[in-house]
Each structure stands twice: as structure tokens, then as C-alpha cells.
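Visitor: Could you walk me through how to read a fold like this one?
Guide: Gladly; let's look at it together.

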Amino acid sequence: IRNSEKGQSIVLIALVFVGLLAFIGLTVDMGVLFVSYGNLRRAVDNAALAAATQMRDNYTVAQLTDSAAQFLRLNNVDVDPTTVDVATCDPLNPDIELCPTDKRKLVRVTASVPVTFSFLPVIGFYETQITAKAIAEAASMDVVLVIDISESMADESSPDHMRGPQNCNA
């Protein structure tokens, strides 16, 4: 009877090892997934801003898509250009999100990338697809430049010949 139970512990240890590897894989690969999603979100935000900047120059949607894909690659997101979607307000097919009533110029960038797992293929999960989207506005910015030409600014300069405003403005 004793000899017939020798291999039982090896089977149990193998099953426990696979379960332990699955839990380690779950934590490591979920960490990789969350970091990848954060990187994708930041890259899509940058790509939306780049597309909105190009939109002010009356570029076509194809050119906006190329610009967005280029900015995604510049942000270390290895993206297939076919998985990058850029949308603007289309009068023929209005999107409530992109065609507000106040006539703002909005652009939406959506990108998808695969995330390959390291440990989870042991239990049958090889990769997953993550998607992020961002909306940016092509708006003009008001910039105010303040130049102080008062005597207090001239009095604090170091060379003696620059202390008087009459010497600076000659």
C-alpha cells in the first residue's frame, strides 16, 4: 500500500506550482497592463493636441490621422496606423460629442494597441487589446506680454550708463 502512494505528492506540488505561477502572472501582467494603459492615455492626449493643432491649418482627416499616429510613435507607443481613429465634426453625420452647439472645433483621437503578457500564457491568456481616446479643441490662445518700462526697472540695472531711461532709449 505504501509503494502505491509515492507519486501523489509530485502531482499535488505540480498543481500548486501552476496555481502559484498563475497568481504571480496575474499580478505582474496586470501591472504591465496598467502601466501600458497609462502610457497609452498620455500618448493619446498628446496625439489629440497635435491633431487639434493641425486642424487649425485645415488639414484633411487623413493628414490628422497621420499626425496623431506620428505623435503616438514619438511617445513610445508602437501603434499600427490602421488602429488610430481621428474624428471631427461631420455635418452629414453629426456626433453630439464633436459637434457642440457653440461651434467649437473638436477632434477625437482613439487608439488601440495590444499588450502581450509574460506569465499568463501558462493558463491560456496571451494578449489583450487596450483602447484609449481623447478629445482636444483647436482654440486660439490669448497671450499677454507685459513689458515694464518704468524707472524702477531702469534703476536696478548694473551698468551706470543704463541707470537713466534717457540712456536706454536713445
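Guide: Let's begin with the sheet: three strands form an open sheet in the order 1-2-3, with antiparallel pairing. Strands (E, at least two residues) and helices (H or I, at least four) are DSSP runs numbered from the N terminus, and two strands pair if DSSP finds at least two bridges between them. Strand 1 and strand 3 (127-137) are at the edges with a single partner strand each, so one side of each has no neighbour in the sheet.

Guide: A word on the source: this is a predicted model, where local features need pLDDT of at least 70, side-chain atom pairs count only at pLDDT 80 or more, and totals for chains, interfaces and linings use all residues. Residues are numbered from 1 along each chain as its sequence is written, and side-chain values use heavy atoms, leaving out hydrogens and water.

Visitor: Over how many bridges do strand 2 and strand 3 pair?
Guide: They pair over 11 bridges, in the antiparallel sense. Val-107 stands opposite Ala-136 in strand 3.

Visitor: Which residues of helix 2 are buried?
Guide: Buried means under 20% relative accessible area, exposed over 50%, and partly exposed in between (1.4 Å probe, protein chains only). In helix 2 the buried residues are Leu-64, Thr-65, Ser-67, Ala-68, Ala-69 and Leu-72. They pack against helix 1, strand 1 (84-88) and strand 2 (106-116), contact being heavy atoms within 4.5 Å.

Visitor: And what follows helix 2?
Guide: Just after helix 2, Asn-76 has a positive phi of about 60°.
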